[in-house]
Structure formats: C-alpha cells, structure tokens
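Keep the 3D view open as you read.

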2 protein chains.
Amino acid sequence: MELKPIQEIAKSLQIQESQMDLYGKYKAKLDLSLIDDNPKGNLVLISAVSPTPAGEGKTTTNVGLSMALNKLGFKAISALREPSLGPNFGMKGGATGGGKAQVLPMDDINLHFTGDLHAITSANNLLSAIIDNHIWHGNALNIDPNNIVWRRAVDMNDRALRNITINQDDKKAPEHKESFDITVASEVMAVFCLASDLKDLETRLGNMLVAYSLDGTPIHAKDLEVVGAMMALLKDAFKPNLVQTTEYTPAIIHGGPFANIAHGCNSVVATKMALSISDYVLTEAGFGSDLGAEKFMNIKTRQAGLTPKLAVLVATIRSLKYQGGIKVRELNEENIEAMIAGFPNLKRHIDGLSSFGMPVLVALNRFPTDTDQEIEALTTHLAQHGIELVVSEVFSKGGEGALELGRKVVEYCAKDSTIVRTYHDDDSILDKLTKIVQTIYGGRNVVLSERASKQLESIQKNYGTLQVCVAKTQYSFTDDAKALCAPTDFDITIKEFRVSEGAGFIVALSGTIMTMPGLPKDPHARYIGLEDDGSIFGIKG
Amino acid sequence: MELKPIQEIAKSLQIQESQMDLYGKYKAKLDLSLIDDNPKGNLVLISAVSPTPAGEGKTTTNVGLSMALNKLGFKAISALREPSLGPNFGMKGGATGGGKAQVLPMDDINLHFTGDLHAITSANNLLSAIIDNHIWHGNALNIDPNNIVWRRAVDMNDRALRNITINQDDKKAPEHKESFDITVASEVMAVFCLASDLKDLETRLGNMLVAYSLDGTPIHAKDLEVVGAMMALLKDAFKPNLVQTTEYTPAIIHGGPFANIAHGCNSVVATKMALSISDYVLTEAGFGSDLGAEKFMNIKTRQAGLTPKLAVLVATIRSLKYQGGIKVRELNEENIEAMIAGFPNLKRHIDGLSSFGMPVLVALNRFPTDTDQEIEALTTHLAQHGIELVVSEVFSKGGEGALELGRKVVEYCAKDSTIVRTYHDDDSILDKLTKIVQTIYGGRNVVLSERASKQLESIQKNYGTLQVCVAKTQYSFTDDAKALCAPTDFDITIKEFRVSEGAGFIVALSGTIMTMPGLPKDPHARYIGLEDDGSIFGIKG
C-alpha cells in the first residue's frame, strides 16, 4: 500500500517538523521535548494469554484497537516494542502485526529501522572493549578476568558465540570465557527502556554492574569512565520513533528488551510521549501476562510513576483449544469441549491482571476458522464467570473490526480504579518472589537452588529494595514449559540470581534462559532478497 | 556553526526531494537513479605523501579545494570515505577534515552516520552465523571448520576479539578458532565500494570466498544461499550520503575500506553519482599514494571504467622535515636543510603518480609554523625539478585559501592525458606485483615467503586475471615501517596471499597487517560525553 509521508502523521498529533527528525520518508524520531511531566492520556496495556504455536495476535490487536479508537474520533497511539534484527533470518516473524492491522514500513521496522538496536549494540560492546582494554593496560581496578559479568552483544541469532574464549595468544592479557548475547538481552536495552530522561539514562548506565575485582569488590560501568561515550552513542537512539499503521494512524515504536531476563516493555520515554500527545495509548508487554504484564506493573509503571487505566487481555479460540490439549494440526476443527478445557489458562491470566486493581477486558482475536458456535459457547461460559468477551476482527477488517472493543476501552478507562502492586519495594527479595508466584502464577512457593540460596544473602543485603524480574519459560505458569493450561500446587525453583543494577532489578532465573538464539536448519534468510525494483521480499511481518 | 537544511544543499545540485531520503536535518541518502551512465564531471584524486605523525591534511585539503572550486563558480563535490566508529574511542581523530575546511555534522559522520557501517557489520555477521549454523545442522557442504576464511566483524577497537575460540560446550558442532575484524576490514566493505549497482553488489557478495570443504573445494557465500538476505541488509546503505561543508557546499561520503588489505577508496556509486551531478569531483584514497592512489588507479578506476583527470598530491613542510630525519617535537622549528632532505619522499610520490599518465599537482598544506623562507626554498627546489608547488591554506582560510589551487585544477583538468595502468590484467600475479614494486615503490624485486610461494601456483591458476592489492605498511615505500624517505635497492617480501574474490583482487600481505585495532591506555572514550543540552562533546574531527 501507498504510505503517507510521516510528516502528515505527525501533523495529526500537532507535532511540528522542527520537533522531529526524518529517517527516510516514513520514519521519524521525535524530540524528547514533546514529553509532558503529567501527561493526560489514558494508558491501556494489551496483554495476552500464554503464548502457543496457535498464535494470539497481541500486536495485531493492539494496532487494530488504536485504529478503531481513531475511527471513533479519539487520538490513539500504539506504543510498541521495536523488533530485533536477528530473528528475521531464523524463523520468527517480525513484530509488526498482521493482516489489515499492521505498522509500516514493515521491512524497515524489522530490519535496521532507525538504528536504535545498532546504537545499543555499539554501547554494549564499547563497554566490553574498555573492560578488556583496562585489564590489558595494567588492570588498575584489579578486575578478575574470570569474574566479568558483562557480556558482548550482537543483533544476530548466532549460536556459535554462546560460549567462547577470548584474548587468546595475547601476552599482555589472560584469556577468559566470554558469551555474546543477542542485543535485546543486553542490560543497555533494559536501562534504555526504563530511563526517564537522558540524565537518568546516564546514571543507570553508570550503575550497571560489569565485573568483580579479585578481592570481590563490584565494578560498575562508571568506574571505567566510559558512560559519556556510551551516551554519545545512544543520544539519537533515545528519541522515540514515529511510524504509521495500515490506516494512517500513528504508532510509536521504541525499545524492546527481553521479557524474561528483562522487563519486556517498550521505552518509558515513548510511553510518556505518547501519553502527552494523545488520548489513548495502547502499549504491550512481552509474552503472556504472567511475564510481561507482571513486569509492566511491578517494574516499568512503578519505576516510571505511570498509572494504567485498563488491561486488555488477548485470547484466541485456537490457543484455548491448545491449552485444552489439542495438537496444532487439529486446531482448525471446531471443538467446544477442548476450548472450555483451556479456559482455566485464560481465567488465571484474568485473575493475575485483576490483582492489580484495574479493570480487565478480554478481547477475542477472531481467526477465520473460529465457528459462531465456538464464539457463542465461549461468550456464555465467560458470562457465567462474570467476564465480558469482546470479539475483535482487526486482522481481516482493520479498525472497523474493533469498534466495539474501542467503545468498551473508552468506557472502562473512564472508571475509577486504584492500582495495587504485587509487592512493596521494602518486602524482602524472597517475599517479592513468593508474592509473584502466588498472586500471578497461581503457584505455591519459591524453592531456591543451593547456588541461589548462597547468593540470596548478599543480594538481600546489597540490593534488597530492588524489584524482582523473573526469568521463566513463557509457555507455562510453572517453570516447566510443558505444563500447559493452569497447573496448581507447583513450586517455582530459582536456580540463580543476577544483578541488573542499572535497570534496578534482580533477575531470578528459574531455568536455563537462552540469551542467544540459534538459527533453524532451514533459516528464513534463504527466502529473503531484493526484487528487480530494489524492494525487499521475504521479510515476515 | 549553524548548518543549512540538507535539502538546500541538494537543491544546489538540482536534486529533488523525491530523489533523496532525509536522515535527520543534515544528512540525506541519494537515490541511485541520479547516476548517469556516462557522467560528465572531472574526477580529481587527492592523494598524499607517506603519512607521518606530523600530519598531512589530505581530507582537509580535499574539502577546502572543493569549497574553492565552488567559490570559483563551479559545481564541485568532495567525495570522501566514511569513517569507522571504533577509532573514535581510541586516539585517532575522525576523517572529516579540520579548521575551516570540514564536512558536517562532524559528530554524526564520525559516529553512526546513516547506519552504513552497521548494515555492513550485520551482513558480514549474518554470513558468519549462517556458516556455523550450516555446520551445526549436519554440514551438507562438508565445510572444514578449521578452514573457514570468513571472519566476524565489529565496528569497535576490540583487541580481545583478535584471536578467539567459538562454539565451545556445544555437542553438535566442533569448536574452532575465529577472529573478529573491524568492520572496515570486511570484504563486504570492499565489495560494497566496488559494486557498480545493486545487481553487481549481489554478484560480488555471492562470489566471496568463505571457506574450504574438507576435500579442499572453495565454498562461496552464494553456496550458503544467504546473499539475498545480505542484500536486504545492505539495500539502503548502498545509497550515497549527502552532507555539507563548512561553506555549505556539497560533500558525498560513502564507503570506507581499509587501504592495506583492501583498496581504500570511497564507493564507486558515490563517485559516479558525484560525477553525474557536478563539474569537479574531489575524491581521495587511503594513506600515501603508494598504497591508496596505486589501488585507486589499478583497482577502483579500472574496475569502474573511470578516467581521472588529475592527481593532487598533498604535502606539508612538517612531513618533509620528518622524512628528512627530524623528530616530532622539533618540527615546529625552521629547518630548510631537513626539509630538502625529505624531498625524495615527495619526489617518489610524484613519480609514482605521474606513471599513470595524468598530470600531478603538488599542494602544500600550509601550517602556521611554516616560515616564508621554508616555502620559498621549497618552491625553488621543486622548480629546479620542474615541479610546480601551490600553497593551500584552507585550514585557516577555508575555500578562500585554495583559490589558486582551484584555478590550477581547472586548468589541468582541461589538458588531454592518457591513463596508463601499472600492469595489465593478463600479466601474471607475480608480474603485477613486481611492476607495482618497481614503478610505484621504487623498489627492486618481489620476494615470496615459503608459504606465499606455495600459494602462488593455485592462485595464479585460479585467480590469475584478478588485480593485486598489496597490504604493506603505510609509513614507508618498503615493507619496513621504519625505513623513511625514499629508500632504494629494496625488495618487498610477500608473506601470504588472500583471495578477495568478490572484490576481484588478490591481497598480497607484506607483513602482519592489523585488522582489529586495540585501544590505548588512555582511551579517548573517557573524554566523550553529552552536554546539558544533549549535544555531544569530545568527538575529534
């Protein structure tokens, strides 16, 4: 489709050309001066049930809903995460929505976009280079080469870089183990997304824990005097990016940290900016509500002082059937019984979201294979539990397919509600974890591995007031990816803690979390290329 | 200083807004459709004497000269290389000229610019990831993990990545040695700069040699079916970048390969585009004329079918004194004798350039410490050898300081000359090398190490018609960095050959060429940061 010049989209938000920098014809970076201290917009979180191979359509619903609100006469903005470049060449589609509810230009957004991830990669790797260079030139800080916790980053799915040894054949520096993470797993990305302004970004970068000295003293980025240079690298990237939807409404796409070892939400500056220039901001958080929404509420909005008005929980009949025990290849067949059997998964997500004190609206992202009987049965079943279901058909109909959802959003946002966080900052780290497990996951207790148990004492002592970021499988409420639907009577085992001091949270790892993906046997890179006219084919939206 | 919107600079070249993509207010990418098949502009190479710590000012002279030609009423464009990000954090200044003869915005150009180097890094590393992934998934091509010649890249001075071992603790793939090169050393950069259009870029990327199979068969990028995806990554980067000079005249900055293991010139598409839209194009080549200009003539302009009209050789009195044996700290003192003692270095550069059949103009980049007596003595000495000297004072005076040089350029470009290459494509590889050594370096002969000698047979057989790219120290005509001025009776020892099949040349390495720089003890990163107003301080121009 023919896009509109991005200036026209900006104009619909009363943004002047002097307040933006164009990156090509259809992308722009917006000036941080557009952020109000007390923005007036309504913040709506779009979350989803546990991800399944059936597909949920969280971004598609988000984009469709913002288009619908625009159709209803409001200013509404989708505030989304920016995708990582690497996965385009593996098998995952991009993160730009689908059908008639997409953000554009899709190829650009999924590839280099405005260079934000490259800037983050550069800042991450400058810090690494400076650490090893410091050791090479005499190691005045007495850094233990075998206790460097800062890792290098690359925005590529490159399995071979998971475990490596560097500094080989160098007489002046000891070789040591190293790992490359994919860029979205870098703490620079987490910090970038949580910083309230450039000064805060600088402070947070400086506070990042990078290594320990040989006598056990923590070494931070600021000790290496590299933060100013990292800021120079990140300065332009820190401005939120404006693009458009398939219906020429605005979307702001900025920042995208992992939702397991990090908090999985777009940037605070983008969210605040969107709230400053529109009536409704539809934002999202990674994976299902147990991971993304929990962190959105307990980390992002707490740190940023934001008050969400409403959570929209995206569900699909296909994913309910999958949670009800149906195999992927049979999901297209009508199966009301299996769908109802999967309901407890949806119910637990609703309960978790409701625990935050805000209203929760369930949006059914309708697939062409969903039958009227299935939808009717689900509506009836939910009504019996006092839950209202709104059908969304934005993939096939665009904003038109979410007008009812849009009206409900307006209605719910007008309600008064008081936000409740799952834990207090002065709860102990273990209490924070236990409250998440019980309130959000519906589990029983937290079990610590020997290693985690040993770590906890010093973590509690030194970082006790930080928030907790649980790195857990996204496929289950438990720490076992195969335990579908809504298991009960389970404990969550924490194997290890990691300190993200710049981001302001302690990562609690409940299993092996992959921070560097690999490519599949038939990588999607094979199917990407340029047409004769120079346009790209094969990038998956 | 206040810059002009880049659209105004474009307008001075009759470029429409539809033919460009803005990247912020002061940078733009230009559409490839602006390239004519037979461009009418005059191509002028700005080269220099052997680099010394005294400084030569090749880029400064280039920028000042293009400003002067604009003052004289012509359309003139500086067509320069784009700098690498990494060295900003080490000790080297950027590559944007100096004083009143600079290209702007300096910080942007020296940091991320329009993302071209990031795109090249990504394309390079996608290929690496695909190679190792291929091995991991069964290795259908039978790639020898210990004979992968393709290396990963990062745009950072990161010594610790020079020699590493990857794929550790992975049961499905063997660990193997790996090295990271700085991005400008990647063959993707060389190919990017030599490709005549997108199709040619695709062909060249496919032809890059990446590994050998266990039975010795060469494996190319195209065998891994990754070239289309690399093209998607490079598509936007391939468009030349327009910026402005300190006098609001146009400059095009695009591509920047090493001048030792690669050919050290800006991109062919940028050069051709500049020739299509202006009267005079001032381009440059890395290091002194023995390295950069030789490759500009024998590789770049030969492959691209370009005919330079003139070479301007930049010299300084300080560098002549240095070649004459004076220490850096004494260069500010008048010393006519030492200056004349350094003259043979200048003379050999003139002779080398003259061997290509084009006129050579010597531009003296005047420093404040140069005395009138020195300049007069040099002018007289050169006149005795039939060489005309033109003094350039662009650092202190801008374009005004090169008006005479500009008039001479116009005069010389009007002369008829026939370009002569140092060797023919059907000369043997060894003959090509010998001709370079004798004609350009003023040396005697080529000596091959045992290894190079062994390699030569198959190189001659399989790649005999390719050009030769000598990787040699830039500080001497010889392969000994300490042999200053103009040594005679020396041989050049080639230790190793490498095949750059995509770029279309054989690299002949005369010593250990560093393809991954390190950082100094007091890295310049410490002195970079953001001002309170969000602007960057500390980047060196």
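## The second largest cavity

The lining of the second largest cavity divides by class into 9 nonpolar, 8 polar and 2 charged residues. Please keep in mind that this is a predicted model. This cavity holds about 230 Å³ of space.

To find the spot on your screen, look for His118(A), Thr121(A), Val154(A), Thr121(B) and Asn125(B), which lie nearest the centre of the second largest cavity among its 19 lining residues. Both chains take part: α4 and β8 (152-154) of chain A, together with α4 and β8 (152-154) of chain B, each give at least two residues to the lining.

## The largest cavity

How many cavities of 30 Å³ or more does the structure hold? There are 6 of them, and the largest has a volume of about 440 Å³. Its lining is made of 38 residues, and those closest to the centre are Tyr23(A), Thr114(A), Gly115(A), Thr114(B) and Gly115(B).

Here, too, you will meet elements from both chains. At least two lining residues of the largest cavity come from each of α3 (106-110), α4 and α7 (227-234) of chain A, and from each of α3 (106-110), α4 (116-136) and α7 (227-234) of chain B. Sorted by class, the lining of the largest cavity has 16 nonpolar, 8 polar and 14 charged residues.

## Helix α4 of chain A and its partners

Two packed helices are described by the angle between their axes and the distance between the axes. In chain A, helix α4 (residues 116-136) packs against helix α5 (residues 187-194) at an angle of about 120 degrees, and their axes are 9 Å apart. The pair α4(A) and α5(A) is therefore oblique, and α4(A) passes α5(A) in a right-handed crossing. On the α4(A) side, Leu117(A), Ile120(A), Ala123(A) and Asn124(A) meet Val188(A), Met189(A) and Phe192(A) of α5(A). This contact of α4(A) with α5(A) has 6 nonpolar residues, 1 polar residue and no charged ones.

How do α4(A) and α7(A) run relative to each other, roughly parallel or roughly antiparallel? Their packing angle is about 165 degrees, with the axes 8 Å apart, so α4(A) and α7(A) are roughly antiparallel. Again the crossing is right-handed as α4(A) passes α7(A). From α4(A), Ala119(A), Ile120(A), Ser122(A), Ala123(A), Leu126(A) and Leu127(A) meet Ala229(A), Met230(A), Leu233(A) and Leu234(A) in α7(A). By class, the contact of α4(A) with α7(A) has 9 nonpolar residues, 1 polar residue and no charged ones. If you select Ile120(A) and Ala123(A), you will find them listed in the contact with α5(A) and also in the contact with α7(A).

## Backbone spots worth a look

Most residues other than glycine have a negative phi, and most peptide bonds are trans. Against that background, where do cis peptide bonds occur in this model? One joins Leu104(A) and Pro105(A), with omega at about 0 degrees. Pro105(A) sits in the loop between β6 (101-104) and α3 of chain A. In chain B, the peptide bond from Leu104(B) to Pro105(B) is cis, with omega near 0 degrees, and Pro105(B) is in the loop between β6 (101-104) and α3 of that chain.

One more stop is Phe287(A), a residue other than glycine with a positive phi, near 55 degrees. You can find Phe287(A) in the loop between β16 (280-284) and α9 (289-304) of chain A.

Key:
Residues are numbered from 1 along each chain as its sequence is written. Chains are lettered from A and ligands numbered from 1 in the order in which they are written. This is a predicted model: local features need pLDDT of at least 70, side-chain atom pairs count only at pLDDT 80 or more; totals for chains, interfaces and linings use all residues. Side-chain values use heavy atoms; hydrogens and water are left out. Axes are lines fitted to C-alpha atoms, for helices over the stretch in contact, and angles run from 0 to 180 degrees between N-to-C directions. Helices (H or I, at least four residues) and strands (E, at least two) are DSSP runs, numbered from the N terminus. Angles under 35 degrees count as roughly parallel, over 145 as roughly antiparallel, 65 to 115 as roughly perpendicular and the rest as oblique. A crossing is left-handed if the near helix is turned anticlockwise from the far one by less than a right angle, and right-handed if clockwise. Contact means heavy atoms within 4.5 Å. Ala, Val, Leu, Ile, Met, Phe, Trp, Tyr, Cys and Pro count as nonpolar, Asp, Glu, Lys and Arg as charged, and the others, Gly among them, as polar. On a 1 Å grid over the protein atoms alone, a cavity is a set of points where a 1.4 Å probe fits but cannot get out, and a pocket is an open set with protein on both sides within 12 Å along at least five of seven lines; lining residues have an atom within 4 Å of a point. Grid points are joined across faces, edges and corners, and a volume is the space filled by probe spheres set on the points.
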